[in-house]
Amino acid sequence: MEGGPATVLVVDDSRTKRYLLVSWLSRAGFTVLEAENGGEALARVEAQPIDLVVLDVRLPDLSGYEVCERIKAAHPAIAVIHVSAHAVDVLDRAQGLTRGADSYLAEPIEPEELVATAHAVLRYYRARQRAEFLAERLLGLADTTVAVHSAQNFTRLLEEAAAGAAQIFKSPAAVVAETFDGDCLAGVASGPAAEAVIVPWIVDDAGVPTGSTVRVQDPAGWDLLGWPAGDTVTVAAARLRDDRPPLYVVVPTSTQTHRTPVLVQLAQSVAAAVEAQRSFDEEHRIAVTLQRSLLPQRIPEVNGLDLAVRYEPASARTEVGGDFYELVMLDGHLLLAIGDVAGHSLHAATVMAELRHAVRAYAVEGHQPGEILHRVNELMRTLLPNELATICVLLLHPPTGRVRLASAGHLPPLLVADGKVEFVQHHAPLLGVRAQRPADLEFVLPAGATLVFYTDGLIERRDATIDEGLAALAACAAEVEDDLDRFCQRLLVQLAPSEIQDDVAVVALRRR
């Protein structure tokens with residue numbers, strides 16, 4: 001309707017009257033179609049785009065009122081003007097307007113009155129369509145803004161942005177941005193119903209200023225997907241800082257309105273989300289680097305033992321956590337410890353480092369596991385009175401397989417031997433609590449047997465109980481690969497979620 005003259009359908013069973021109406025409207029610049037009864041009018045409306053119907057009230061097959069109702073039910077954006085060759089009273093006019101007509105003209109009808117009424121009605125519908133069109137796009141913009149700011153990672157952000165742009169503009173769309181690592185990626189969607197995918201793409205950012213810019217360009221320069229034939233592309237660039245690369249949103253030019261307000265706002269919103277994601281990725285890398293620096297840098301090589309460790313920090317958080325482990329040889333014995341300090345923060349990580357070094361120090365003094373935990377507990381209650389932690393400590397003599405083990409509220413290690421799986425239970429209060437502690441658990445680890453130590457991130461799920469998580473671990477660990485690294489990796493893959501919500505530490509020990 002915006003691109004040319006409006007199309008008007010004149011519906012009247014009188015050939016003479018229809019001729020006059022068509023002539024007046026044609027001279028006024030409208031494209032005019034004709035129908036001589038209600039059935040033909042309804043068929044015409046379904047067959048081709050029509051902006052306005054000039055509809056006689058009395059037709060040979062259907063009432064004009066009924067025809068109007070049916071048109072409005074199927075096509076609310078089509079305007080309807082009733083015309084009547086007969087004298088009408090207030091009730092007739094009221095019925096016509098109540099049942100959906102936008103105006104009602106009764107003879108004698110003057111040409112100027114008909115044309116002026118048609119223009120007035122169409123002006124209203126054009127304004128309404130523009131408002132509805134903009135409202136729909138703004139709703140899509142709001143939904144996309146929420147989706148990109150809620151994305152868990154950079155690639156998901158670009159996928160949501162591309163899918164949102166394609167839905168907003170009902171067209172192919174691409175969103176291009178650079179990651180914190182300097183990789184330039186594009187999220188592309190071939191249409192509003194298509195699934196967005198990620199592809200590598202390089203853009204020359206030279207000359208792109210800070211702020212928002214919009215350019216119309218040749219689609220050959222953005223050969224990311226199939227653009228509509230014969231159309232150019234409109235590229236909105238948003239650069240929030242001089243030291244950051246811009247973000248680009250690319251759509252067909254035919255989808256854009258004057259000043260491209262929604263496209264510009266979309267580019268700015270996605271750019272803000274990208275900037276936040278870049279900052280998050282940078283902070284997360286620093287946090288993970290710090291956390292790993294607080295853990296053992298290498299696994300000792302011990303005759304007669306195989307050892308393997310897997311540690312995965314939470315993927316959806318920048319804070320460092322309190323999970324830790326220790327593996328070190330002391331006076332011919334392997335000291336193995338695994339624990340978890342309550343909380344996820346830099347403070348939790350510092351408490352974790354203090355506990356790990358305290359365990360090492362008391363072990364170097366020659367204390368057994370239970371005494372080590374007693375002394376660490378006294379240290380915590382004196383210097384860290386508001387902290388809580390769980391820990392399991394083991395001393396193993398490799399030649400004989402003799403084990404002394406003490407736990408402080410930690411999840412029980414899993415013993416796999418001769419095809420049997422059992423949890424090594426040692427019930428004791430966690431660290432930070434004043435309470436009596438049981439004697440150390442002593443046993444011999446048979447040759448070929450494997451002990452698995454882990455933190456709660458491996459088995460805890462929001463939709464499952466701890467017992468269900470332990471059962472899943474037992475089933476998964478029933479078969480132990482010759483390569484313990486592969487075994488630990490399989491436990492992570494099969495038990496830990498793809499988006500790790502809590503730190504996960506796994507330590508496997510096998511006596512040859």
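Biologist: How many bridges join strand 7 to strand 8?

Modeller: Before the count, a word on the source: this is a predicted model, in which local features need pLDDT of at least 70 and side-chain atom pairs count only at pLDDT 80 or more, while totals for chains, interfaces and linings use all residues. Residues are numbered from 1 along each chain as its sequence is written, and side-chain values use heavy atoms, with hydrogens and water left out. Helices (H or I, at least four residues) and strands (E, at least two) are DSSP runs numbered from the N terminus, and two strands pair if DSSP finds at least two bridges between them. Here four bridges join strand 7 (residues 184–189) to strand 8, and the two run antiparallel; within strand 8, V197 stands opposite V188.

Biologist: Which order do the strands of this six-stranded open sheet follow?

Modeller: The order is 8-7-6-11-10-9, with antiparallel pairing. Strand 8 (197–200) and strand 9 (211–217) are the edge strands, each pairing on one side only, and the twist averages 20 degrees from one strand to the next. For such angles, axes are lines fitted to C-alpha atoms, for helices over the stretch in contact, and the angles run from 0 to 180 degrees between N-to-C directions. Helix 6 (residues 154–169) packs on this sheet, touching strand 6 (173–178), strand 7, strand 8 and strand 11 (247–252), and its direction makes about 35 degrees with that of strand 7.

Biologist: What is the strand order of the five-stranded open sheet?

Modeller: That sheet has the order 12-21-20-17-18, and its pairing is antiparallel. Its edges are strand 12 (305–312) and strand 18 (420–423), each of which pairs on one side only, and neighbouring strands are turned by 15 degrees against each other on average, direction ignored. Strand 17 (residues 414–417) and strand 20 (residues 450–454) run antiparallel and are joined by three bridges, with T450 in strand 20 as the bridge partner of V416. Helix 10 (residues 466–476) packs on the sheet and touches strand 17, strand 18 and strand 20, its direction making about 150 degrees with that of strand 18. Helix 11 (residues 484–495), in turn, lies across strand 12, strand 20 and strand 21 (504–511), running at about 30 degrees to strand 12.

Biologist: Which residues of helix 3 are buried?

Modeller: Buried means under 20% relative accessible area, exposed over 50%, and partly exposed in between (1.4 Å probe, protein chains only). In helix 3 (residues 64–74) the buried residues are G64, Y65, V67, C68, I71 and K72. Seen down the helix axis, they fall within an arc of 160 degrees (taken from the directions from the axis to the C-beta atoms), so they line one face of helix 3. Among the elements that cover them are helix 2 (38–47), strand 4 (79–84) and helix 5 (111–150).

Biologist: Where does T144 lie, and which residues does it touch?

Modeller: T144 is found in helix 5 and is buried, with a relative accessible area of 5%. Contact means heavy atoms within 4.5 Å; leaving aside neighbours within four places in sequence, T144 is in contact with E160, A161, G164, I168 and L266.

Biologist: How many disulfides does a search of the whole structure find?

Modeller: A disulfide is a pair of cysteine sulfur atoms within 2.5 Å, and the search finds zero. The sulfur of C392 is 15 Å from the closest cysteine sulfur, in C488, too far for a bond. C392 is buried, with a relative accessible area of 1%.
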